[in-house]
Every structure is written in C-alpha cells, then in structure tokens.
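Biologist: Can you walk me through this fold? Keep it brisk.

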Amino acid sequence: MTRRSSSPELLAEAARFRDLMAGWPTGVAVVTGTAAGHPVGCTVTAVASVSADPPLLLVSLAARSRTLEAIEHAGQFGICVLSAAQRRLAQTFATGEPARRFAGVPFRWVLGVPVLHGAMTVAVCAVQEALPVADHVIVMGGPLWQAEDHAAAPFIWFRRGYWDLCPAGPPPGGSGRS
C-alpha cells in the first residue's frame, strides 16, 4: 500500500472526526505497565488483532502517555478487557489522577505486569514494535500469557457513553455454556 500525502480536502475537522468515531462501538480495556516498580495504566478503546500466526495484537496510546513511556521502557504490557461490572474502572483509568489510578483496585502481578482482577479477558504481551502515528503510538505485542472469564458480561463504548450488551442467544455452533 502506498502512503499518500495529506491534502486539505481529505482532512476532517477534529471535532467532526470524533463524531464519526463515536459511532463505532468498541470494547473497553485498560492497558497496564510498570514504572519504577509501580503499576501504571490507562483506558483505551483501540485494541485489535493484527495476526494469528504469529499471534500479534495492537494497542494505540497517546504519544504523551505515562503508560506508553513505561511500556516502551519495560518492553511489555498488559491488556485487561473490562467486564460490565468494571464500568467504574473505565472512568478511573481514563480520567483519574495517574498516580492514584490503582488505589484500591484489586490486581495481581503476572510476569512483572499488573493485571486487573475481574477483567473479562487479559493478556500480558511482549512489545514487538512501536510505530509513531500522528499524536499516538501504535504498540504491537505478542501474548506471553492470557486468561479469559467466559461468565463475565461485556460492555462497550459507543456515542461517548458506556453501554451494556445482552446476549442474543448462544453463538453459532455452540451451546452458549462455558
């Protein structure tokens, strides 16, 4: 794919672009890392699978993020996909004072990375590549450890708010039981 130079007619006004992306329903996760032996983390909605062979995923973090700085220094990070029961944590890790985000939050250390208790899906990843793009950095990582709670209920970020999801029935070919 050839990279095209930006031109004024292709650039959307930032507020209009945020409106466009607000219509994209997405999961909510907390990306975690370690800085000077202390846990750090922030809420993200930009998590995606890159490849199954080899397993590789990406997260997008603001270039000025303390969590990004910790991840780049340590070379690993955690992804904790939040359950509906953790809605409060999404807000805490999005807007709370960075030094206090883990205050009173139950977590455990896995391979030197903090992992939130009660998360629906969690992974600890080794950084494979970090790509600066505009005002963010896309960090790609390979999972070193993962766990899932199939009984946890998901929630999403959509139109600038949190929404609960209700199951539409069992998945195709499955019984719906975990």
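**Strands, helices and cores**

Biologist: In S5, what is the bridge partner of Val-47?

Modeller: In S5, Val-47 has Val-59 as its bridge partner. Strands here are DSSP runs of E, at least two residues, and helices are runs of H or I, at least four, numbered from the N terminus. This is a predicted model, where local features need pLDDT of at least 70, side-chain atom pairs count only at pLDDT 80 or more, and totals for chains, interfaces and linings use all residues. Residues are numbered from 1 along each chain as its sequence is written, and side-chain values use heavy atoms, with hydrogens and water left out.

Biologist: How many bridges join S4 to S5?

Modeller: Five, and the two strands run antiparallel. S4 and S5 make a hairpin, with two residues between them. Two strands count as paired if DSSP finds at least two bridges between them.

Biologist: And Ser-60, buried or exposed?

Modeller: Ser-60 is in strand S5. Ser-60 is buried, at 18% relative accessible area. Buried means under 20%, exposed over 50%, partly exposed in between, with a 1.4 Å probe and protein chains only.

Biologist: What does Ser-60 touch?

Modeller: Val-44, Ala-46, His-136, Val-137 and Ile-138, not counting residues up to four places away in sequence. Contact means heavy atoms within 4.5 Å.

Biologist: Zoom out. What is the strand order in the sheet?

Modeller: S3-S2-S6-S9-S10-S5-S4, seven strands in an open sheet with antiparallel pairing. S3 (38-44) and S4 (47-52) stand at the edges with a single partner strand each, so one side of each has no neighbour in the sheet. Neighbouring strands are turned by 35 degrees against each other on average, direction ignored.

Biologist: Which helix packs on S2 and S3 at about 105 degrees to S3?

Modeller: Helix H3, residues 87-95. The angle is between N-to-C directions, on a scale from 0 to 180 degrees, with axes fitted to C-alpha atoms, for helices over the stretch in contact.

Biologist: New topic. Which residues have the most contacts inside the largest nonpolar core?

Modeller: Cys-80, Leu-82, Leu-89, Phe-93, Val-115 and Leu-116, in a core of 17 residues. H3, strand S8 (113-116) and S9 each give two or more residues to this core. A nonpolar core is a set of buried Ala, Val, Leu, Ile, Met, Phe, Trp, Tyr and Cys residues joined through side-chain atoms within 4.5 Å.

Biologist: What lies apart from it?

Modeller: Another core, of 15 residues, including Val-31, Leu-61, Ile-79 and Val-139.
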